[in-house]
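Here is a short report on charged side chains that pair up. Look at the sequence and the structure before reading on.

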Amino acid sequence: IVNKIFIIGNLTRDPEMRTTQSGVSVCSFTVAVNRRRAGGAEAGQTEADFFRVSAWRQLGENCNRFLAKGRKVGVVGTLTLQTYTGNDGQQRASLEVQADEVEFLTPRSEQGEARPMQSSSPMQQSNGFVQVDEDDLPF
C-alpha cells in the first residue's frame, strides 16, 4: 500500500515556523489547490481544496525562508485526515500533508509579487514548468 500525494497550488498565508521540544524545526503552511467541477449546471467552475502541509528540518527551514503568501508550490508527501472539534462544537476534518519534497514554482522575477506565471516568459516551457539552472537554487 502506497500513500503518496502530489499537489500544486498557492500558499494561503505566510508559513509558520516552530521548534519542537527536542529542537527539531517544523514549518507549516496551507496550500489551496484549484479543481474544476464536473457535471451539472456549474460544470467548469473552479473550487479550491485546502491542504495543511508540514515540512520538517532543513526542508522546513527552506520553506520558511523562501515561501510567502500567494507563492506557487509543488508538494509531494503523505496524506492524512485529521479530525477535530471546532469552537462551535462541530466535528471538522483537515487534510494534512507530511512533505517529502517541496518545489518552489514562483519564478524569482515574480517573488516580490505573487501572481500567476506569464506564458510569455522566455524560460517557461509549454507544460507550465520553469527551467531552472542549478546555480540559481537557494540550497
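## Salt bridges in a predicted model

Asp 100 is partly exposed, with a relative accessibility of 41%. Keep in mind that this model is predicted. Which residue does Asp 100 form a salt bridge with? The partner is Lys 4, and the closest N and O atoms are 3.1 Å apart. This pair links distant parts of the chain. Asp 100 lies in strand β6 (residues 91-104), while Lys 4 sits in the segment before β1 (5-11). The two are 96 residues apart. Lys 4 is partly exposed too, at 44% relative accessible area.

The count of salt bridges comes to six.

| Pair | N to O distance |
|---|---|
| Asp 100 and Lys 4 | 3.1 Å |
| Arg 35 and Glu 47 | 2.9 Å |
| Arg 92 and Asp 88 | 2.8 Å |

Now take Arg 35 and Glu 47. Their side chains meet in a salt bridge. The pair also links distant parts of the chain. Arg 35 belongs to strand β3 (residues 25-36), and Glu 47 to strand β4 (residues 46-56). They are 12 residues apart. Arg 35 counts as partly exposed because its relative accessibility is 37%, between the cut-offs of 20% and 50%. Glu 47 is partly exposed at 24%.

Next come Arg 92 and Asp 88, joined by a salt bridge. Arg 92 has a relative accessible area of 35%, so Arg 92 is partly exposed. Asp 88, at 48%, is partly exposed as well.

Which residues are linked in a network of salt bridges? They are Arg 13, Glu 16 and Arg 52.

Notes: Residues numbered from 1 in each chain as written. Predicted model: local features only at pLDDT ≥ 70, side-chain atom pairs only at ≥ 80, totals over all residues. Heavy atoms only, no water. Salt bridge = Lys/Arg side-chain N within 4 Å of Asp/Glu carboxyl O. Helix = DSSP H or I, 4+ residues; strand = E, 2+ residues; numbered from the N terminus. Buried < 20%, exposed > 50% of the residue type's maximum accessible area, 1.4 Å probe, protein only.
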